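Reader: I am new to this structure and would like a close look at a single part of it. Please take me through that part step by step.

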Amino acid sequence: MHQKKVPLRMCTGCGEMKQKKELVRVVRSPEGEISLDLTGRKPGRGAYVCRSIVCLRRACKARRFEKAFSCQIPEEVYDRMEKEMEQDACE
């Protein structure tokens with residue numbers, strides 16, 4: 001029987017290849033807004049990060065999202081993403 005291929009993505013924080021469903025997508029919408037995409041269905045360019053605050057902070061500190069999206073990201077956006085990630089972890 002043919003096994004289904006599991007999609008892998010690289011975490012922008014730690015650089016590990018993980019299953020897509022284990023990661024959170026960060027998306028830049030066509031309008032330029034950057035946000036967490038917990039469903040993985042928002043339109044726009046995406047980058048992936050582990051579901052841990054540590055990986056998110058590591059990616060933010062190294063400016064990896066700015067490199068992935070080719071734009072400047074204000075500090076408030078990073079703070080909002082951290083809060084959303086903390087809320088998601090509590091649920």
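Is glutamate 66 buried or exposed?

Author: The model is a predicted one. In it, glutamate 66 has 13% relative accessibility, and since buried means under 20%, glutamate 66 counts as buried. Its side chain takes part in a salt bridge with arginine 63, where the closest N and O atoms are 3.3 Å apart. Arginine 63 is partly exposed, at a relative accessible area of 33%. Salt bridges with shared partners join Arg63, Glu66 and Glu75 into one network.

Phenylalanine 65 and phenylalanine 69 both belong to helix H2, where they are four residues apart, or about one turn of the helix. A search of the whole structure gives one aromatic pair. That pair is formed by phenylalanine 65 and phenylalanine 69, and it is stacked, with 6.4 Å centre to centre and 10 degrees between the planes. Phenylalanine 65 is at 0% relative accessibility and so counts as buried. Phenylalanine 69, at 1%, counts as buried too.

Phe65 leads on to the core. The largest nonpolar core contains 22 residues, and Val26, Val49, Phe65 and Met81 are those with the most contacts inside it. At least two residues of this core come from each of strand E3 (23-28), strand E4 (34-37), strand E5 (45-50), helix H1 (53-61), helix H2 (64-69) and helix H3 (75-90). H1 gives the most, with five residues. Valine 26 shows how these parts meet: apart from neighbours within four places in sequence, its contacts include Leu36, Val49, Phe65, Phe69 and Met81.

Then there is the sheet. Three strands make an open sheet in the order E4-E3-E5, and their pairing is antiparallel. E4 and E5 are at the edges with a single partner strand each, so one side of each has no neighbour in the sheet. On average, neighbouring strands here are turned by 30 degrees against each other, direction ignored. Helix H3 packs on the sheet and touches E3, E4 and E5, and its direction makes about 15 degrees with that of E4.

E3 and E4 can be followed residue by residue. Four bridges join these antiparallel strands. Valine 26 stands opposite leucine 36, and valine 27 has serine 35 as its bridge partner in E4. Five residues lie between the two strands of this hairpin, in which glycine 32 takes a positive phi near 100 degrees.

Charged side chains link E3 and E4 as well. Aspartate 37 and arginine 25 meet in a salt bridge of 3.0 Å, N to O. Aspartate 37 is in strand E4 and arginine 25 in strand E3, 12 residues apart. Aspartate 37 is buried, with a relative accessible area of 1%, and arginine 25 counts as buried at 10% relative accessibility.

Another salt bridge joins arginine 51 and aspartate 88, with 3.0 Å between the closest N and O atoms. Here the loop between E5 and H1, which holds arginine 51, is linked to helix H3, which holds aspartate 88, across 37 residues. Arginine 51 is partly exposed at 41% relative accessible area, as is aspartate 88 at 21%. A search of the whole structure finds six salt bridges, including those described above.

Key:
Residues are numbered from 1 along each chain as its sequence is written. This is a predicted model: local features need pLDDT of at least 70, side-chain atom pairs count only at pLDDT 80 or more; totals for chains, interfaces and linings use all residues. Side-chain values use heavy atoms; hydrogens and water are left out. A nonpolar core is a set of buried Ala, Val, Leu, Ile, Met, Phe, Trp, Tyr and Cys residues joined through side-chain atoms within 4.5 Å. Buried means under 20% relative accessible area, exposed over 50%, partly exposed in between (1.4 Å probe, protein chains only). Contact means heavy atoms within 4.5 Å. Two strands pair if DSSP finds at least two bridges between them. Axes are lines fitted to C-alpha atoms, for helices over the stretch in contact, and angles run from 0 to 180 degrees between N-to-C directions. Rings of Phe, Tyr and Trp (its six-membered ring) pair if their centres lie within 6.5 Å; planes under 30 degrees apart count as stacked, over 60 as edge-to-face and the rest as tilted. A salt bridge is a side-chain nitrogen of Lys or Arg within 4 Å of a carboxyl oxygen of Asp or Glu.
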